[in-house]
Amino acid sequence: RDFCCLRDFLEQDDDYLDRVVREGVREQIEIEVYAPLRGVVSRLLVNGWRHDDMEIHFKMKELRKRPQSLFRIPEDKQSPSEWRSVASILNEGVGMSTLPCAKLRAIVDAAREITRVFGLEHKLGSSVDGKDGKDLGADDFLPIFIYCVVRAEMERPCALCVLLRTLCEPNNRIGEIGYYLATFEAAIAHIQEIDLTADRDLQLGWTS
């Protein structure tokens, strides 16, 4: 009876059980191996990427003062709530979680939250023909994600990228987790490339 809720997932997705088992084993390994060594790993990462993190923290502090429009988010895609729930997931799930696998899951959760918030705030599907032109495309997603990363106030984001890239399970690199990890890394890279000396009234410049 306790496993009845899994029946629908197992019938619809043959790989579901394999993923659940693999993720459970991975989490237990990180508890047993990574957690005791976390202090040592953290010191190495902090020392190795200290200057990068100091620079990006300065940029993020300044960027948090700027509106969504300067992040190249079109007016019809901007969030009245300023994507606060997404930033909260990134701050708590990615920035404060202990295990790398939990941080990776939080990145995926944050990405899904962007879609959820956009749908709620823009009432997708409310038009008669379903073609209201407000779908959130791939080109719209990255600027929004960058904005959310800036507002998440995560500590040592550069060192965090190295940690997650190094410890991400190879099987996950080609799936949803790998895709959004790459998006997270791209967001950090774009923030590093932003020129704060540009006119504050102009859209932020970065290479796409």
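A: Helices (H or I, at least four residues) and strands (E, at least two) are DSSP runs, numbered from the N terminus. This is a predicted model, in which local features need pLDDT of at least 70 and side-chain atom pairs count only at pLDDT 80 or more, while totals for chains, interfaces and linings use all residues. Residues are numbered from 1 along each chain as its sequence is written, and side-chain values use heavy atoms, with hydrogens and water left out.

Q: How many helices and strands does the protein chain have?
A: The protein chain has eight helices and zero strands.

Q: Why is the pair of phenylalanine 71 and tyrosine 147 classed as it is?
A: The ring centres of phenylalanine 71 and tyrosine 147 are 5.1 Å apart and the planes stand at 85 degrees, so the pair is edge-to-face. Phenylalanine 71 lies in the loop between α3 and α4, and tyrosine 147 in helix α6, 76 residues apart.

Q: How far apart in helix α6 are phenylalanine 141 and phenylalanine 145?
A: They are four residues apart, which means a separation of about one helical turn. Their pair is stacked, at 5.6 Å centre to centre and 20 degrees between the planes.

Q: Is phenylalanine 145 buried or exposed?
A: Buried means under 20% relative accessible area, exposed over 50%, partly exposed in between (1.4 Å probe, protein chains only). Phenylalanine 145, at 0%, is therefore buried.

Terms used
Phe/Tyr/Trp six-rings, centres within 6.5 Å; stacked < 30°, edge-to-face > 60°.
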